[in-house]
Amino acid sequence: MPIPEDVTGDEIDKDVRQELMSLPKTLAEDVARNLVMVARLIDEDPEEAYAYSRIALRLASRVAAVREAAGFAAYATQKYSEALAEFRAARRMTGSVELWPVMADCERGLGRPEKALAMAGEPEVQKLDKAAQVEMRLVAAGARRDMGQIDAAIVTLQSSELASHSVQPWTARLRYAYADALLEVGREDEAREWFGKALEADKDGSTDASDRLAELDGVEFVDVLDEEADTAGTARTAEADDETGSAPEGRDEQDGPAAGPAAN
């Protein structure tokens with residue numbers, strides 16, 4: 001697959017670059033460039049990112065960073081079985097537990113929430129840093145909801161991290177998950193409060209808390225482009241009526257123009 005000329009491979013994390021030093025120089029450069037493409041595309045075009053990850057995997061399957069990148073690309077495309085296999089391989093190579101939450105979420109994706117919940121109680125969780133422990137809590141709450149245990153999910157999310165006024169990278173998502181669970185059991189006023197708190201913490205737009213708040217307040221969003229097209233269509237129909245004295249045969253006046261250049 002083509003890689004833009006401006007991608008040199010030097011953009012990758014220094015720890016990954018260190019791992020690639022075990023490879024011949026030219027091969028290491030090729031793998032690095034493919035990993036850069038994975039990182040660039042995984043959010044906006046996960047299927048394309050997945051394709052680049054497969055190339056990197058073919059070139060250097062014994063490098064843990066490559067297995068991890070392949071896992072995240074598979075995860076982004078909902079290939080959960082494949083993702084889980086890659087994450088397990090990376091964990092065997094490094095001995096690290098940092099992938100534990102996303103591995104548990106793969107179990108959820110595979111329809112095994114009970115396995116994800118069991119992983120939330122394993123000793124590995126105590127070895128995670130604070131951010132990863134919060135991720136594990138989110139996964140565990142999601143597993144409870146998968147199993148229809150919504151009240152238990154709410155209790156799972158209630159924690160010192162949720163109550164804290166300190167805003168961390170995971171704060172918005174934690175508050176959002178709590179609000180969403182509250183809404184599911186009909187606690188609308190509390191849900192509105194927590195969606196508001198999620199919005200306050202959501203500096204990078206990682207959630208749609210503002211939309212959820214608007215829905216709760218009965219605000220309807222109108223697509224401006226559709227509205228403009230409808231307005232243009234109404235104007236054309238009015239002009240046609242002035243010329244012919246009636247709407248075109250076979251169409252009601254409120255139908256507007258057929259899809260096509262008239263909507264441009």
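**Entry 1: the whole protein**

I started by noting that this is a predicted model. I then looked up the secondary structure and found 14 helices and 0 strands. Read from the N terminus, the elements run α-α-α-α-α-α-α-α-α-α-α-α-α-α.

Next I checked burial. Of the 264 residues, 40% count as buried. I also looked up the accessible surface, which comes to about 15,300 Å². Carbon and sulfur atoms hold 48% of that surface.

I took the contacts with a separation of 6 or more, and 52% of them join residues 24 or more positions apart.

**Entry 2: helix α9**

Which residues of α9 are buried? The helix covers residues 150–157, and I listed Ile 150, Ala 153, Ile 154, Thr 156 and Leu 157. Viewed down the axis of α9, these buried residues fall within an arc of 160°, so they line one face of the helix. I noted the general rule beside this: an α-helix has 3.6 residues a turn, so residues three or four places apart point the same way.

I then turned to the face of α9 directed away from the buried side. Asp 151 and Val 155 are the exposed residues there.

What do the buried residues of α9 pack against? I found α8 (130–146), α10 (160–163) and α11 (171–184).

I moved on to the loop between α9 and α10, where Ser 159 lies. Is Ser 159 buried or exposed? Its relative accessible area is 14%, and the cut-off for buried is under 20%, so Ser 159 is buried. Setting aside neighbours within four places in sequence, I found Ser 159 in contact with Arg 137 and Leu 174.

**Entry 3: α7 against α8**

I looked at how helix α7 (residues 113–120) meets α8. Their axes come within 9 Å and cross at roughly 145°. The crossing is left-handed.

I wrote down the residues on each side. From α7 there are Pro 113, Ala 116, Leu 117, Met 119 and Ala 120. From α8 there are Met 136, Val 139, Ala 140, Ala 143, Arg 144 and Asp 146. By class, this contact has 9 nonpolar, no polar and 2 charged residues.

**Entry 4: Ala 116**

I picked one residue from that contact. Ala 116 sits in helix α7. At 0% relative accessibility, Ala 116 counts as buried.

What does Ala 116 touch, leaving aside neighbours within four places in sequence? I found Ala 104, Glu 107, Arg 108, Met 136, Val 139 and Ala 143. I checked the spacing to one of them. Ala 116 and Val 139 are 23 residues apart in sequence, and their C-alpha atoms are 7.4 Å apart in space.

**Entry 5: two loop residues**

I went to the loop between α2 (25–41) and α3 (46–59), which holds Asp 43. Asp 43 is exposed, with a relative accessible area of 74%.

I noted a positive phi of about 65° for Gln 78, although it is not a glycine. At 58% relative accessibility, Gln 78 counts as exposed.

Methods: Residues are numbered from 1 along each chain as its sequence is written. This is a predicted model: local features need pLDDT of at least 70, side-chain atom pairs count only at pLDDT 80 or more; totals for chains, interfaces and linings use all residues. Side-chain values use heavy atoms; hydrogens and water are left out. Buried means under 20% relative accessible area, exposed over 50%, partly exposed in between (1.4 Å probe, protein chains only). Helices (H or I, at least four residues) and strands (E, at least two) are DSSP runs, numbered from the N terminus. The arc is that of the directions from the helix axis to the C-beta atoms. Contact means heavy atoms within 4.5 Å. Accessible areas come from the Shrake-Rupley method with a 1.4 Å probe; for residues, only the protein chains shown count as cover. Axes are lines fitted to C-alpha atoms, for helices over the stretch in contact, and angles run from 0 to 180 degrees between N-to-C directions. A crossing is left-handed if the near helix is turned anticlockwise from the far one by less than a right angle, and right-handed if clockwise. Ala, Val, Leu, Ile, Met, Phe, Trp, Tyr, Cys and Pro count as nonpolar, Asp, Glu, Lys and Arg as charged, and the others, Gly among them, as polar.
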